[in-house]
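Thanks for coming. I have one structure to go through, so please look at the screen.

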Amino acid sequence: MYRQIASIIARRVEDGTYPPHALLPTEAELCAEFDVSRRTVRSAHALLREQGWIVSSPGKGTYARGLDGY
């Protein structure tokens, strides 16, 4: 399931739904949207970070990666 969620979020970054440097929905919001556990959302986020789609900043949130790589 986390791979499906990661794919959806990556598509949203790619198509501009989440533009570069945009703050993504919180874990709680994504849990509610996809009706999954926090662990599943965290696994999706980990995969997206590995693939270079998102950047997480502790205490600030998770952002779509910009064209500059940040």
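I start with Tyr18, which sits in the loop between H1 and H2; helices here are DSSP runs of H or I with at least four residues, strands are E runs of at least two, and both are numbered from the N terminus. This is a predicted model, where local features need pLDDT of at least 70, side-chain atom pairs count only at pLDDT 80 or more, and totals for chains, interfaces and linings use all residues. Residues are numbered from 1 along each chain as its sequence is written, and side-chain values use heavy atoms, with hydrogens and water left out.

Is Tyr18 buried or exposed? Its relative accessible area is 10%, and buried means under 20%, exposed over 50%, partly exposed in between, with a 1.4 Å probe and protein chains only, so Tyr18 is buried. Tyr18 touches Ile9, Arg12, Val13, Leu24, Pro25 and Ala64, leaving out residues up to four places away in sequence; contact is heavy atoms within 4.5 Å.

Now H1. The buried residues of H1 are Ile5, Ala6, Ile9, Ala10, Arg12 and Val13. They lie on the same side of H1, because their arc around the axis is only 160°, taken from the directions from the helix axis to the C-beta atoms. On the other side, Arg3, Gln4 and Glu14 are exposed. The cover over the buried residues includes helix H2 (27-34), helix H3 (38-51) and strand E2 (61-64). After H1 comes Gly16, with a positive phi near 90°.
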